[in-house]
Amino acid sequence: MKIKKAWQSFILIAVSVVTFGCSTTISGKSSDAVLQKHLLAGQQYKSGKDELAIATWREVVASDPSYLEAWHNIAVVQEQRLQDRAAAEATLRSAVSKNPTNAPLRSALGGVLLNQGKIDESLAERQRARELAPTDPKIINSYASSCFSAQKFECALLGYNEVKKLEPDYRGIDFNRGLALLALGQANDAAAAFKAGTERAPLNSEAFGKLGDAYDASGERNKAIDAYEAALAIEPDLPWPSYNLGVLLQESNPNKSEQYYRTHLELSLIHI
């Protein structure tokens, strides 16, 4: 049996300057004071003073609970720098409670929940986000990703198709569509999606690897071999294409098959 790597797409939270799809306006001196605190927190973060930056951003949201960038940055530092997803979840729940109609906040909360394996809760938050922002490609893509993680592949495909329609060049959309199509057993359509993904991102080893899976599933053995070899040419340290090549070449080229099996074993031990 071949190893099938279950690639999943997760929303990525930027840790640089955050623009959270909104603008915060505060009148008078309070606006300047809050903005200065926000900028100060950013400097503290860049200096590696994570806890101090969080405390300063908390002062910002205490002054103005609608300052969404500050909420978001607190959660980013907690999840990505401090590796405390529970704290990030608590932060975003507080943010959502104070800004219940903000779709990006709900979607971000769904991402933190998903990263903790709370798939049903993630799906519920992202479904609500989608209802609040029904034409936002990023929100829809995140919702579809939660559908995929919940193994609701038709739901995922519908979402990804909608993103493709709204923004054809949306980053990773062909890869995501391919995952959903392959999960639904539509190998030929999955291959077409992954192929499009490799054309948009010719150095994406994962896309070539999954293209190999789709070709293999559709019975196109030689194309599968070419795709797996392309994946390894980009990223030689990937263990799973080596294993799949070992399987595919077992009868036609047993010596080369054995080499790929050995490579897979060595790489697997490295990645443990």
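## Salt bridges

In this predicted model, the side chains of R130 and E162 meet in a salt bridge with an N to O distance of 2.1 Å; the term denotes a side-chain nitrogen of Lys or Arg within 4 Å of a carboxyl oxygen of Asp or Glu. The pair links distant parts of the chain, with R130 in helix α6 (residues 119-132) and E162 in helix α8 (residues 153-166), 32 residues apart. Helices here are DSSP runs of H or I with at least four residues, numbered from the N terminus. E162 has a relative accessible area of 25% and is therefore partly exposed. In this classification, buried means under 20% relative accessible area, exposed means over 50%, and partly exposed lies in between (1.4 Å probe, protein chains only).

A salt bridge also joins the side chains of R81 and D50, at 3.0 Å from N to O. This pair again links distant parts of the chain: D50 belongs to helix α2 (residues 50-63) and R81 to helix α3 (residues 68-81), 31 residues apart. D50 counts as buried because its relative accessibility is 12%, whereas R81, at 36%, counts as partly exposed. The side chains of E220 and K223 form a salt bridge of 3.2 Å, N to O. Both partners are partly exposed: E220 has a relative accessible area of 27%, and K223 has one of 42%. Elsewhere, salt bridges with shared partners join E89, R93, K118 and E121 into one network. The whole structure contains 16 salt bridges.

## Basis and confidence of the model

Residues are numbered from 1 along each chain as its sequence is written, and side-chain values use heavy atoms, with hydrogens and water left out. Because the model is predicted, local features need pLDDT of at least 70 and side-chain atom pairs count only at pLDDT 80 or more, while totals for chains, interfaces and linings use all residues.

The chain averages a pLDDT of 88, and 88% of the residues score at least 70; pLDDT is the predictor's confidence in each residue, on a scale from 0 to 100. Over residues 1-29 the pLDDT is below 50, and this stretch has 65 contacts in the model beyond near neighbours in sequence. A contact means heavy atoms within 4.5 Å.

Helix α9 (residues 173-183) packs against helix α11 (residues 205-217) at an angle of about 30°, and their axes are 11 Å apart. Axes are lines fitted to C-alpha atoms, for helices over the stretch in contact, and angles run from 0 to 180 degrees between N-to-C directions. The crossing of α9 and α11 is left-handed, that is, the near helix is turned anticlockwise from the far one by less than a right angle, clockwise being right-handed. F175, L179 and L182 of α9 make the contact with E206, A207, K210, D213, A214 and A217 of α11.

Helix α11 also packs with α13, at an angle of about 25° and with the axes 11 Å apart. These two helices are therefore roughly parallel to each other, and their crossing is left-handed. On the α11 side, E206, G209, K210, D213 and D216 meet W240, N244 and L248 of α13.

Helix α13 (residues 239-248) is largely enclosed by the rest of the structure, because nine of its ten residues are buried. The buried residues are P239, W240, P241, S242, Y243, N244, L245, G246 and L248.

L267, in helix α14 (residues 254-271), is in contact with P236, D237, L238, P239 and S242, leaving aside neighbours within four places in sequence. L267 and S242 lie 25 residues apart in sequence and 9.1 Å apart in space, C-alpha to C-alpha. With a relative accessible area of 8%, L267 is buried.

I74 is located in helix α3 and is buried, with a relative accessible area of 0%. Not counting residues up to four places away in sequence, I74 touches I54, W57, R58 and T91. The C-alpha atoms of I74 and T91 are 7.3 Å apart in space, while the two residues are 17 residues apart in sequence.

Key
Angles under 35 degrees count as roughly parallel, over 145 as roughly antiparallel, 65 to 115 as roughly perpendicular and the rest as oblique.
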